[in-house]
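Visitor: I would like to learn how to read strand pairing and aromatic contacts. Where do we begin?

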Amino acid sequence: MLALSCNIGQDPKIIILEPQEFKTRVLNKDVQIIDVRTPEEYEQGHIIGAKNIDYLTKSFGEDLNVLNKSEPVYIYCRSGKRSKKSISDFKTQGFEEVYELDGGILNWRKEGFKTVN
């Protein structure tokens, strides 16, 4: 199930994806997957291919500059709170298309999907 936000003017497209759809779009694909949790949380298990950029650091907005802003970016955190908050940073940095995992990695695991350490 997809939930789309309004895409008015220069605002990026923000799409919230259920775990199954998120998995279909990211696994075994060459996409930008960003885990916005802390490094400690990331090391306890993350989605394969995910890069860790900690939302709680002061440099989070600047750290996003290593990503391609014109390519879709897939983001998640533990439960969805930090990823929702981080969307404003992605907007500020000029990302065009952002996909968020609904319910974060907790929801991913609840669906029985694997993580890697």
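Guide: With the strands. This is a predicted model. Strand β2 (residues 13–17) and β6 run parallel, joined by 5 bridges.

Visitor: Which residue in β6 is the bridge partner of I16?

Guide: E100 is the partner of I16. β6 also pairs with β5, again in the parallel sense, over 3 bridges. There, V73 has V98 of β6 as its bridge partner. Between β5 and β6 the chain passes through helix α4 (residues 81–92), and this β-α-β crossover is right-handed.

Visitor: How many residues of β6 are buried?

Guide: 5 of the 5 residues in β6 (residues 97–101) are buried. E97, Y99 and L101 point one way, V98 and E100 the other.

Visitor: Now the rings. What describes an aromatic pair?

Guide: The distance of the centres and the angle of the planes. The whole structure holds 8 aromatic pairs. Take F22 and Y76: the centres are 6.4 Å apart and the planes are at 85°, so this pair is edge-to-face. F22 belongs to helix α1 (residues 19–26) and Y76 to strand β5 (residues 73–76), so the pair ties together parts 54 residues apart in sequence.

Visitor: Is F22 buried or exposed?

Guide: Buried, because the relative accessibility of F22 is 0%. Y76 is buried too, also at 0%. F22 has another ring pair, with W108: centres 6.2 Å apart, planes at 85°, so edge-to-face. W108 sits in helix α5 (residues 104–110), 86 residues from F22. W108 is buried as well.

Visitor: Which residues do ring pairs link into a cluster?

Guide: F22, Y74, Y76, Y99, W108 and F113.

Methods: Residues are numbered from 1 along each chain as its sequence is written. This is a predicted model: local features need pLDDT of at least 70, side-chain atom pairs count only at pLDDT 80 or more; totals for chains, interfaces and linings use all residues. Side-chain values use heavy atoms; hydrogens and water are left out. Rings of Phe, Tyr and Trp (its six-membered ring) pair if their centres lie within 6.5 Å; planes under 30 degrees apart count as stacked, over 60 as edge-to-face and the rest as tilted. Helices (H or I, at least four residues) and strands (E, at least two) are DSSP runs, numbered from the N terminus. Buried means under 20% relative accessible area, exposed over 50%, partly exposed in between (1.4 Å probe, protein chains only). Two strands pair if DSSP finds at least two bridges between them. A crossover is right-handed if, with the strands pointing away from the viewer, the path from the first strand over the helix to the second runs clockwise.
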